[in-house]
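I opened this entry to look up packing and domain layout. My notes follow the structure.

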Amino acid sequence: MTGLLILPEWLIISASQLPKRGWGVRIEADRITEVGPNNDLVEKFPHDEFLRANEQVLSPGFVNAHTHLYGVLAHGIPLTKAPDGFWPFLRDFWWPLVEDRIDIPMLNAAVEWQCQLMLRSGITSFYDCLEAPNSLPGCLDIEAQTVTRHGLRAILSFEATQRANLENGLLGLQENYEFTRNHRPDELIQGLICYHTTFTCSADFIHQAFQKAKELGCLVHMHCSEGTYEPEQALKNFGQRPIQYYDQLGVLGPNMLASQCVQLDESEVALLAERGAHVVHMPLSNCEVGGGIAPVPKMVAAGVTLGLGSDSYIDNFFEVMRGAFLIHKAKGLDPRLMPANLVYFLATEGGARTLNLEKVGRIETGWKADLQLIGADFPTPAGEWNLYDQLILYCNPERVRMVMINGRILLQEGQLKTDYDPNARQSLHAQVERLWQGAH
Ligand SMILES: [Zn+2]
């Protein structure tokens, strides 16, 4: 079978290693079948097609380990009064004015737009958390249709919550259950079980979520301690902090995928590591909601499995990496914190591990061909000692030249190769205007 050789100037096999100059890969079907020096590959496979990528870096695709595709609908929404804290943000703004009013046409427009944006940003895999209680049931299947058309690798979920009522919460859990059961773990699109928080879901509801996940063999996702509100409520209602509460419920373990984890104390960091829970860090949206700065360097030191997410605030993944690279240095008064290679690892292989995506996140023989070419025409010379810094500090989606997912080229020279809607922006505007009517 003929393969495709990609022959770049730089190859990132894994951000846990130094990059290799003059190395490339061979792709056959959906897999990477060979990695080695460009000259050796050309000699060994003279009949393969080849793509020369001078002054470009061949990198694993980014894994956006937490987003809300519908979130774009609220960007710039007019408000007469800005929320003055995390709880008012949810109660007075996000729930009544955004999530409760989202319907299927709004969702479709948002997902179409965001899929295009992700491909242009070098994102090859993502985890989405949809909360739109009035679009149940069936909204995940509808979302999956658009994601499939774009060829992205994704885990889709619905954020079940009892905040409206128990019946609606159970409908949300069922939506996840059915969707996950209908998508096998080796498919491009998968599901998981998802619920909101300890302050919107009872212990019984949380147990039901974990029970369903156990049956299906999948992860359970929740938002956790995004600001001070959840730990304060947990201390008041359960006499302990959220991570300790989860441990007491017997659900803290390797199938827990906890997003945010901003307001943790030292004992919670230790417990997360000890029990093998997975955590997603959202540096920029934490700033947006005034939630604080997550103790990420401490979680890294403790060995917590970590990934990075955009939270659908600023979706440019280079910006997300810059956030993770910078804010912890400022908070910890230490420029050595969060070195560039670590941040790049979290954005790629770390995210894939966090989402339990098998053989994703590295460019290595036998791994899935999810990768991107990024322009390496930096203002100063690149070397193996500074390539990760160059990529994080000076790159933007405009430099992403090619994106391949599962062996298919979906973006080339800035042009989408998918069956995309060229009028996505106009469609999005029309739906956003419907959503914004009456929001102020
Ligand atoms: Zn979120």
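Which residues is Ile363 in contact with, leaving aside its neighbours within four places in sequence? I was working on a predicted model. I listed Leu11, Ile12, Ile13, Val25, Ile32, Val35, Leu58, Pro60 and Leu371.

Next I looked up the largest nonpolar core. It holds 134 residues. Ile363 is among the members that touch the most others, along with Leu58, Leu73, Ala110, Met321 and Val343. Helix H3 (residues 104-120) gives this core its largest share, nine residues. I also checked where the core sits. Domain 1 (4-60 + 371-405) and domain 2 (62-354) both contribute residues, so the core lies between them.

Then I turned to the two domains. Their centres, taken over C-alpha atoms, are 31 Å apart. I found 17 residues from domain 1 and 20 residues from domain 2 in the contact. On the domain 1 side, strand E15 (371-375), helix H14 (387-394) and strand E16 (400-405) each give two or more residues. H14 supplies the largest share of that side, five residues. I sorted the residues of that side into 12 nonpolar, four polar and one charged.

Last, I looked up Ala160. It is in the loop between strand E8 (153-158) and helix H5 (166-181). Is Ala160 buried or exposed? I counted 30 other C-beta atoms within 10 Å, so Ala160 is buried; the cut-off is 20 or more. Leaving aside neighbours within four places in sequence, Ala160 is in contact with Gly169, Gly172, Leu173, Asn176, Cys194 and Tyr195. I also took the C-alpha to C-alpha distance from Ala160 to Ile327, which is 31 Å. These two are 167 residues apart in sequence.

Note on methods. Residues are numbered from 1 along each chain as its sequence is written. This is a predicted model: local features need pLDDT of at least 70, side-chain atom pairs count only at pLDDT 80 or more; totals for chains, interfaces and linings use all residues. A nonpolar core is a set of buried Ala, Val, Leu, Ile, Met, Phe, Trp, Tyr and Cys residues joined through C-beta atoms within 7 Å. A residue is buried if 20 or more other C-beta atoms lie within 10 Å of its own, exposed if 12 or fewer, and partly exposed in between; C-beta atoms are placed from the backbone. Helices (H or I, at least four residues) and strands (E, at least two) are DSSP runs, numbered from the N terminus. Domain bounds come from an automatic or database domain assignment. Two residues are in contact if their C-beta atoms, placed from the backbone, lie within 7 Å. Ala, Val, Leu, Ile, Met, Phe, Trp, Tyr, Cys and Pro count as nonpolar, Asp, Glu, Lys and Arg as charged, and the others, Gly among them, as polar.
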